[in-house]
Amino acid sequence: MLALCLVWTCTARLAWGADEGQILLYLSPTTERYFASAGRSYEQIIKRWPAYLRKYGEHVRTLGREELLADPPTGVLILPTTVALDPQERAAIERFAQRGGSLLGTGLVGSRDAQGQPAGLDFLHTSFQVRSHGFFPVNDNTFFVPFGDGPLTWPIPAARRMGLSNTSGSLLRISASHTSAVALDWSRNVPAEPHAVMAFEETPRGRVAYFGVSDDAWPAQRDNLLLLDATLAWLRREPHAYKAAWPHGHQAAHLIEMDTEDQFESAPNLARDLENAGYKGTFYCLTTEAVRHPDIVRDLLRRGHEIAYHADVHFGFKGDAVREQELRIRFMKQQMAGILGERAPEATGFRAPTESYDRNTEMLLRRHGLLHHAADESSHEDRLPFFSVSEPGVPPERALVVLPRTQMDDVSFRLKKLTPEQVGLTLANDLDLAVRSGAFSLLSVHSQNYVEGGLMRRTMPDYLRKVTSYGNRLWVTRGDEITRWWRQREAVSVDSQWRSGGLRLILRNANPEAVAGFTVFVTLPARQASLKVTAASASKVAARTQSIDPFRAAIVIDSLPPGQTELRLNF
Ligand SMILES: [Zn+2]
């Protein structure tokens, strides 16, 4: 206990004292010699670091070999693509960590010896608490995909595809207790092999963070710098508070929807499976089919599912004249009005047949009162809802909310001729990644695959058991609920400032109404550190804290009133 307390006091001072969080950039002459012998410039490979670190001013120092060997005061030691190390350098780095320093490494740290010969990855494994599993193949279809709301990656929206350049056979597959990014292809297919590329850990002495990417593989982009900001903040034990993607302390969201078209009468089968698991879904209805089964549509609505549109007939919209597209939208609405009567205005979602649409489609949907569009995997780089950009200048409160499908659907499963077992495994792996990524996940199933003995009919009960196993971590709800939340969330801003040893958190709710379950995530200065939240005297809100993992806590506000609310966070 005593040891822990001492470490805690020491690190708290490190983060908040006068000389907080010294950052040391190590320039290894051994690594420099190794790259020079291969005809490459080490300075060029790591050129982003000195430029990036300038903003830390007096807190940054570059370190040569002699200084490292002389045991400098601890802080964060950066080992930038420090591929080759001699025995004394290795020992000094180990001592630095033993003395309570934190490490940030990129690329194949210590994988070569003083002569530049391969030395294995043991030093890397031990220093950063990771295991490695070979390399990713070199191609231009590999993306660095960080986890949303993560302790080291929170400035980047969930599962954004971040491009890598020049991975030249050195993108390491790693696994670790705590990972914060994975490498995936463009469609975000989850590989069977380990595929993490960023990991972090807190030992009783210090913190470590590791990127399995060498520095020259990063294009100069704002996102990469934001990632470094958050990683260094975590290593320096600076707590940060940020708006969570989801309400009520959930970590990810899931929409299970049916494209309800051919074999329309199978829709109640999915409804029943969802209800047995305690969920509601969205049924995007092809209205020329729906009019033949009006009782089914009305019954689904009565049972609490969302009824939405899958257009009038099963043809795409892309490239068609505005007048033609508008006629179809009017017609589908007219058909739905005939089925739902006075409840027809509740149908506010749309999904284009074959995911074929263009800017005009989205413009028309909004003009005709639709609120969300369930779109394709190409619609966005992030695995989150977003506001349509089809009509420039339309503010978020009026813009169409787009819900991107970011995983394979049953059409792809059929094309790939997957067995029900393979489908089950694919869905389970994807859901697992979605939850770890803090992502929005949209599973699209088709009515024709939900008939008795159909592929999805056989797969879904097991899948739904898997969904249920995530409990409160996963928010499973209808498309209109996700849409409403996304709009409300957008109108709340979260700011925080350090004030005498704590965080002052200011929430501004510009919605006309109170927001239920608004959630702020907070990174903790130490593993399982306690977090105390108090409302400023003028702000009367009920806020509870909830542990997310050893490094994050959530503050969940039952009902966030319009206007400004101030909270005080102490650790
Ligand atoms: Zn369809």
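A residue is buried if 20 or more other C-beta atoms lie within 10 Å of its own, exposed if 12 or fewer, and partly exposed in between, with C-beta atoms placed from the backbone. This is a predicted model: local features need pLDDT of at least 70, side-chain atom pairs count only at pLDDT 80 or more, and totals for chains, interfaces and linings use all residues. Numbering runs from 1 along each chain as its sequence is written.

**View A. The buried face of helix H6.** Glu89, Ala92, Ile93, Phe96 and Ala97 are buried in H6. Down the helix axis they fall within an arc of 140°, so they line one face of H6. The arc is that of the directions from the helix axis to the C-beta atoms. Pro87 and Gln98, both exposed, sit on the face turned away from the buried side. Helices (H or I, at least four residues) and strands (E, at least two) are DSSP runs, numbered from the N terminus.

**View B. What covers H6.** The cover over the buried residues of H6 includes helices H2 (29-37), H5 (65-69) and H7 (122-128). Strands S3 (76-80) and S4 (102-106) are also included.

**View C. The end of H6.** Just after H6, Gly100 takes a positive phi of about 105°.

**View D. Trp246 in its loop.** Trp246 lies in the loop between strands S12 (241-243) and S13 (252-260). Is Trp246 buried or exposed? Trp246 is buried, because 28 other C-beta atoms lie within 10 Å. Leaving aside neighbours within four places in sequence, Trp246 is in contact with Gln251, Ala252, Ala253, Trp475 and Thr519. Contact means C-beta atoms, placed from the backbone, within 7 Å.

Technical notes. Two residues are in contact if their C-beta atoms, placed from the backbone, lie within 7 Å.
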